[in-house]
Amino acid sequence: MVKDVIYFDNAASTQVAGPVIEAMSSCMRDYPGNPSSTHEAGRKARIMLENARRSVASALHALPSEIFFTSGGTEANNAILWGCCKDLHRQIFITSRLEHPAVLNTLDALVRYMGVGLKYVNFDALGHADLNHLESLLKEHRGAVVALMHANNETGNLLPVKTVAELCMKYDALFHSDMVQTIGKFNISLPAHQIDFAAGSAHKFHGPKGVGFIYVAKGRSFKPFLTGGGQERGMRAGTENLCGIIGLARALEWSLKSLDHSMLHVQSLKEYLIKALREEIPGTRFNGDIGKHSLYSILNFTLPEGKGSGMLLPLLDMAGICVSSGSACASGASLESHVLAALNVDPNDPSVRVSFSRHNTLDEVKRFVDVLKSL
Ligand code: PLP
């Protein structure tokens, strides 16, 4: 990380961990083969690939045959949702307006091109899905597909995944959870959550960008989203991003090691910031849940309006502090947040999402509060 820059945008992307860089460099140097080639170099690359799959599966208490590598979380969400429609013939999808665009825009495409029905579950003032409403939707549309994320990437709100999975089973629904923000942040047993599908992305847990995976529970399957060769056991065509996959596996292993310690550390930074904002910038409002049903690394808040508050993010940037307001978009600009809009936060008010990692320090949080006060 560039010295003196305070990087508080880890929900957008994280710094690649040192051991991950080492593992990827060694892969680039020593493994030139294509995992589909049958000669020695190819066989060696194949062994590396399957070891990485075993390592990811074991970290998530899943079977290697349940893990399929992709180009990231966006592709994973696309593949799952399209697969549920075209191969599993599900016609009704239930989601929330607070999902990530990788889910919302994919579902919009399914409505437009495949004519599926789309229902939105209500949420409360904090942004938690209304499970009674979800149950009534499931009762009315047996066999639907439910797509609800584990942790919201803007507010950090956590979904009770197991409860939702039980409701889905009761009404023969399939359950897909976008776990991009929680994989690597908790010790997760995917089979214990009883979900059908999940999406993960390496760059959210100190791995490289452009690589992720799909979890497809045993007994579920769909046809490839990308057509071409028969890679990933026919589920995802295209030569595997071997060094990215090695990096993903190493990053997951690294993140889960000493997880308890880093969780406590990050949680303490979040708690300090909540307290400091309450005490030192009265009138600060918190968006989403900030209690125990929220991810320990994300805090979203709106400052009391002040002079030049529309310039808050650029001013923070000039002060060397990286945070975000809406989610990062492809052009690099910050979009108006659909999540904050749905939670009735005025887009003209100065809202900030801070997302920590284990690399952040209390001193950085203190400097951040001082800069906010001075602005
Ligand atoms: N889902 C969630 C919840 C995310 O936060 C992101 C990234 O911001 C994605 C999906 C997309 O993942 P990727 O950047 O790997 O395509």
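Visitor: Before we start, what makes two aromatic rings a pair?
Guide: Rings of Phe, Tyr and Trp (its six-membered ring) pair if their centres lie within 6.5 Å. Keep in mind that what we're looking at is a predicted model.

Visitor: OK, how many aromatic pairs does the structure hold?
Guide: There are 5 aromatic pairs in the structure. One of them joins Phe 197 and Phe 222, with ring centres 5.7 Å apart and planes at 55°, so that pair is tilted.

Visitor: And where do Phe 197 and Phe 222 lie?
Guide: Phe 197 is in strand E7 (residues 197-201), while Phe 222 is in the loop between strand E8 (212-216) and helix H8 (242-256), so the pair ties together parts 25 residues apart in sequence.

Visitor: Are those two buried or exposed?
Guide: Both Phe 197 and Phe 222 are buried.

Visitor: Which residues form an aromatic cluster?
Guide: Phe 8, Phe 301, Phe 356 and Phe 368 form one together.

Visitor: Switching to charges: what sits over the ring of Tyr 120?
Guide: That's the charged end of Arg 97, 3.7 Å from the ring's centre. Over at Trp 254, Arg 358 lies over the face, 4.5 Å from the ring centre.

Visitor: New topic! How many disulfides does the structure hold?
Guide: The count is 0. Take Cys 84: the closest cysteine sulfur, in Cys 85, is 8.7 Å from its own sulfur, too far for a bond, because a disulfide needs the sulfur atoms within 2.5 Å.

Visitor: Is Cys 84 buried or exposed?
Guide: Cys 84 is buried, with a relative accessible area of 0%. Cys 322, on the other hand, is partly exposed, at 25%.

Notes. Residues are numbered from 1 along each chain as its sequence is written. This is a predicted model: local features need pLDDT of at least 70, side-chain atom pairs count only at pLDDT 80 or more; totals for chains, interfaces and linings use all residues. Side-chain values use heavy atoms; hydrogens and water are left out. Rings of Phe, Tyr and Trp (its six-membered ring) pair if their centres lie within 6.5 Å; planes under 30 degrees apart count as stacked, over 60 as edge-to-face and the rest as tilted. Helices (H or I, at least four residues) and strands (E, at least two) are DSSP runs, numbered from the N terminus. Buried means under 20% relative accessible area, exposed over 50%, partly exposed in between (1.4 Å probe, protein chains only). A charge sits over a ring if NZ of Lys or CZ of Arg is within 6 Å of the ring centre and within 35 degrees of the ring normal.
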